[in-house]
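Work through the exercises below with the model open. Try each task before you read its solution.

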Amino acid sequence: MKPSTLKQILLITDGCSNRGEDPAAVAALAYAQHITVNVIGILEEGHTEHSLSLEEVENIAKAGGGVSQLIFKQALTETVQMVTKQAMTQTIEGVVNKELKQILGPGNTLDDLPPDKRGDVLEVVEEISETANLEVLILVDTSASMHHKLPVVKEALIDLSISMNARLGNNKFTIFGFPGKREAAVKVMEWTDRLENVSSVFPKLATGGVTPTGPALREAIHEFSRQSLVKRPENDRMTEYEEFGS
């Protein structure tokens, strides 16, 4: 396989969606377009009960083929890195299993291989994880309850950028906040290979309003479509493995 492009939406929120369409249904639509949807739910400190619906977080990630995690804000930095990397590996293993089915026949997966062969395949998965190009759209809940959590989100994203830039593959990130003033979600940072300048963006984020997670995810899907049109010349035709999940 050639180095390919992995597309991820990383949803960071502390509340259940309360406006618009079912976010799990939109996440399924994203996954059908080879975009993995990962969800990090930030819990309120000192609450014995989850202020966030565990079921919704899990349902969105499951429908989007991604990873979900509920955490307190102190653990956000490590969790953002872990979820991003775990989702990359999960996506690549899915593609490898698809290829193995073609080679070994229906019903056979990575787990069916002998231990020595399985180890060889996992080495390939690790190598592709390092060399594949990565595009991450970070979708940040900016509803009122997130106001005091945004500084921690900012630091977590800076650390994610530093961690990801150690890879051999190219990384591109963009940040959307939701809700926008008139839209479900609004772009607050253009596509970039580094997130260090996120420090200048976050103080400008206005918090408040409802949590239209489904419509915000749909806007994220549209952004990937726009990005593909911008970066791909008309005569550039994708090879079979140029984009994961094809």
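**Exercise 1. How many of the residues of β2 are buried?**

Solution. First, the ground rules. This is a predicted model, in which local features need pLDDT of at least 70, side-chain atom pairs count only at pLDDT 80 or more, and totals for chains, interfaces and linings use all residues. Residues are numbered from 1 along each chain as its sequence is written, and side-chain values use heavy atoms, with hydrogens and water left out.

Step 1. Buried means under 20% relative accessible area, exposed means over 50%, and partly exposed lies in between (1.4 Å probe, protein chains only). Strands (E, at least two residues) and helices (H or I, at least four) are DSSP runs, numbered from the N terminus.

Step 2. Count. Nine of the nine residues of β2 are buried.

Step 3. On one side of β2 sit Ile35, Val37, Val39, Gly41 and Leu43. On the other sit Thr36, Asn38, Ile40 and Ile42. Both faces are covered.

Step 4. Of its 246 residues, 48% count as buried.

**Exercise 2. Which residues touch the most other members of the largest nonpolar core?**

Solution. Step 1. Define the set. A nonpolar core joins buried Ala, Val, Leu, Ile, Met, Phe, Trp, Tyr and Cys residues through side-chain atoms within 4.5 Å. In soluble globular proteins, nonpolar side chains tend to be buried together.

Step 1. The largest core has 41 residues, and Val80, Ile138, Val153, Leu157 and Ile175 touch the most other members.

Step 2. Trace the sources. β1 (5-13), β2, β3 (65-72), α3 (76-104), α4 (115-131), β4 (133-141), α5 (150-164) and β5 each give two or more residues. The largest share, eight residues, comes from α3.

Step 3. Contact means heavy atoms within 4.5 Å. Leaving out residues up to four places away in sequence, the partners of Ile175 include Ile138, Val140, Leu157, Val188 and Phe202.

**Exercise 3. Which residues are linked in a network of salt bridges?**

Solution. Step 1. Apply the cut-off. A salt bridge puts a side-chain nitrogen of Lys or Arg within 4 Å of a carboxyl oxygen of Asp or Glu. The structure holds eight.

Step 1. Read off the network. Its members are Lys187, Glu190, Glu219, Glu223 and Arg226.

Step 2. Take one pair inside it. The closest N and O atoms of Arg226 and Glu219 are 2.6 Å apart. Arg226 is partly exposed at 38%, and Glu219 is partly exposed at 22%.

Step 3. Take another pair. Arg194 bridges to Glu196, with the closest N and O atoms 3.5 Å apart. Arg194 is partly exposed at 42%, and Glu196 at 33%.

**Exercise 4. Locate two backbone exceptions.**

Solution. Step 1. Most residues other than glycine have a negative phi, and most peptide bonds are trans.

Step 1. Check omega. The bond from Phe178 to Pro179 is cis, with omega near 5 degrees. Pro179 lies in the loop between β5 (171-178) and β6 (186-192).

Step 2. Check phi. His34 has a positive phi, near 65 degrees. It sits in the loop between α1 (23-32) and β2 (35-43).
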